[in-house]
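Biologist: I am new to this model. Please show me how to read it, one feature at a time.

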Amino acid sequence: MDKAIDKFTVPAEELNKQKEYTELVSTVLKSRFTEGKPKAFVHTYGCQGNVADGEKLKGLLYSMGFEFCLSPEHADLVLYNTCAIREHAEDRVFGNVGALKPIKKKNPDMIIALCGCMTQQQTVADKLKESYPFVDIVFGTHVAHRLPEFVYRSLCLGKRVFETADSDGNIVEGLPIKRDGTFRAWVPVMYGCNNFCSYCIVPYVRGRERSRDFDTVVEEVRGLVADGYKEINLLGQNVNSYNKNLPEEKQFPALLRAINDIDGDFIIRFMTSHPRDCTHELIEAMAQCKKVAKHLHLPVQSGNDRVLKEMNRHYSREKYLSLIDYAYELMPELSITSDIIVGFPGETYEEFCDTLSLVERVKYTSLFTFIFSPRKGTKAYDMDDPVSRKEKGVWFKELTDLQEKIAGERTARMKGRSYRVLVEEKAKTEGFLSGRTQGNVIIEFEGDESLIGSFADVKVTNPRTWIVYGELV
Ligand code: SAH
Ligand code: SF4
Ligand code: F3S
């Protein structure tokens with residue numbers, strides 16, 4: 001195994017120890033729950049990377065003997081896997097944890113556990129310790145694989161558990177995974193982030209960048225395809241720096257090609273690409289690999305060079321636009337999406353207008369837009385921020401209105417054309433299904449539920465801005 005990976009890999013002895021705890025917990029649970037299995041309610045907040053973690057936590061709980069329920073009311077164990085990206089995300093978690101207090105009053109044996117990015121922050125862990133005495137287990141992102149041990153300490157020893165030490169992070173292979181979906185799978189290829197964008201908490205709560213072994217990832221995908229998965233999502237905060245210290249044949253474009261070579265009818269997606277590390281090789285690999293969705297999520301954050309510099313993004317507006325031009329040149333039908341922050345500290349209205357003009361120029365399919373949220377510990381937290389929240393709200397609306405117009409124009413051009421979609425679920429309208437195009441546009445159409453989880457060809461008949469309607473071909 002490559003040395004860099006070795007440094008992060010959790011040793012087998014550690015994982016074996018956890019297997020022993022799993023057995024211990026399982027035995028205790030069997031003796032305490034003689035009629036039926038104990039129930040766990042697991043909820044994950046935040047990004048798909050966190051969802052992938054959640055599936056492993058569920059895998060561990062399942063191995064301990066839990067089955068899963070859909071609300072905390074009748075749960076024997078509640079686990080919230082949290083996100084810290086914006087203040088709003090944290091407020092929601094605190095609200096939901098508060099709501100567990102009366103439930104626990106009725107069921108004092110219930111174990112309440114919190115983990116994820118939010119609890120990796122010492123301030124949050126301290127607050128939970130002092131002000132939320134009914135919370136039993138709090139652990140950070142770097143020790144998630146030790147969940148069996150934590151449940152053991154709470155369940156069998158009756159101790160409160162707080163394990164949130166900081167670390168550069170690790171790579172844990174071989175954990176059981178209880179996947180939420182049957183046709184869409186999340187496959188992390190790298191963890192952590194070294195970029196330290198000045199507004200962002202992720203590098204502080206997720207540790208340093210580290211990549212999973214190339215062949216291990218390819219084999220995982222091969223197994224998923226054999227199991228019938230139709231959409232493989234390769235995940236990382238910055239997938240373009242996957243194996244960046246190794247030779248090219250182990251880097252991300254090569255990984256895309258290797259996965260594209262796996263036999264089977266499936267589609268490959270990836271996110272997120274950081275514009276700084278987005279290379280022509282990546283765009284070429286996308287264009288050449290048939291199974292790779294022609295969709296690029298390339299978060300720009302701002303269209304103004306001064307703001308980009310303050311954000312520590314390491315690319316200019318011009319470099320970003322030249323990447324976009326190259327991508328459209330190779331893939332004229334490419335769908336591009338982005339993340340944008342409105343109201344970064346010190347951003348002026350004129351600078352914000354550069355973001356508007358960039359959005360107009362790129363013609364995104366859709367945008368994830370956020371008002372800047374100060375995160376304690378980041379550089380931007382201490383920057384002067386003279387523009388009021390209300391004013392930022394006005395700018396925000398201007399941006400979303402513009403994007404709505406662009407999206408409307410884009411979807412209008414879809415009329416009369418056919419698209420291959422992966423059918424995902426029943427739509428709200430009775431008898432309708434909803435599917436997603438390669439470009440990440442949702443189309444709704446009449447069809448039988450049995451189509452869910454398979455590919456279908458759909459012709460667009462009535463594109464509206466928010467919902468595109470079509471019919472099965
Ligand atoms: N690694 C990805 C981003 C992950 S976070 C990348 O670099 O593109 C997802 C998005 O949340 C970011 O792209 C950014 O737009 C937004 N975000 C992150 N921190 C934020 C903050 N403090 N306030 C507002 N939005 C933020
Ligand atoms: Fe955050 Fe920047 Fe890393 Fe993305 S690249 S996770 S925005 S620090
Ligand atoms: Fe949130 Fe952590 Fe993801 S902060 S966005 S869950 S990496």
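Biologist: How much of the accessible area of ligand 1 does the protein cover?

Modeller: Accessible areas come from the Shrake-Rupley method with a 1.4 Å probe; for residues, only the protein chains shown count as cover. Ligand 1 has 550 Å² on its own, and the protein covers 91% of that. Strand S13 (335-342) and strand S14 (366-371) each give two or more residues to the shell. Helices (H or I, at least four residues) and strands (E, at least two) are DSSP runs, numbered from the N terminus.

Modeller: Now some ground rules. This is a predicted model: local features need pLDDT of at least 70, side-chain atom pairs count only at pLDDT 80 or more, and totals for chains, interfaces and linings use all residues. Residues are numbered from 1 along each chain as its sequence is written, chains are lettered from A and ligands numbered from 1 in the order in which they are written, and side-chain values use heavy atoms, with hydrogens and water left out.

Biologist: Which residues come nearest to ligand 1?

Modeller: A residue is near a molecule or strand if one of its heavy atoms lies within 4 Å of it. Ligand 1 has 15 residues around it, and Tyr199, Gln237, Gln301, Asp339 and Ser373 come nearest. Domain 2 (181-293) and domain 3 (296-413) each supply at least three residues of this shell. Those bounds come from an automatic or database domain assignment.

Biologist: How do the shells divide by class around ligand 1 and ligand 3?

Modeller: Ala, Val, Leu, Ile, Met, Phe, Trp, Tyr, Cys and Pro count as nonpolar, Asp, Glu, Lys and Arg as charged, and the others, Gly among them, as polar. Ligand 1 has seven nonpolar, four polar and four charged residues. For ligand 3 the division is five nonpolar, two polar and one charged. Cys47, Cys83 and Cys117 are among the residues around ligand 3.

Biologist: How many disulfides does the structure hold?

Modeller: A disulfide is a covalent bond between the sulfur atoms of two cysteines. The test is a pair of cysteine sulfur atoms within 2.5 Å. The structure holds zero. Take cysteine 156: the closest cysteine sulfur, in cysteine 115, is 19 Å away, so it is too far for a bond. Cysteine 289 is in no disulfide either; the nearest cysteine sulfur, in cysteine 278, is 14 Å away.

Biologist: Is cysteine 289 buried or exposed?

Modeller: Buried means under 20% relative accessible area, exposed over 50%, partly exposed in between (1.4 Å probe, protein chains only). Cysteine 289 is buried, at 2%. Cysteine 156 is partly exposed, at 28%.

Biologist: Where does a cis peptide bond occur?

Modeller: Look between methionine 271 and threonine 272, where omega is about 10°. Threonine 272 sits in the loop between strand S11 (267-271) and helix H11 (280-288).
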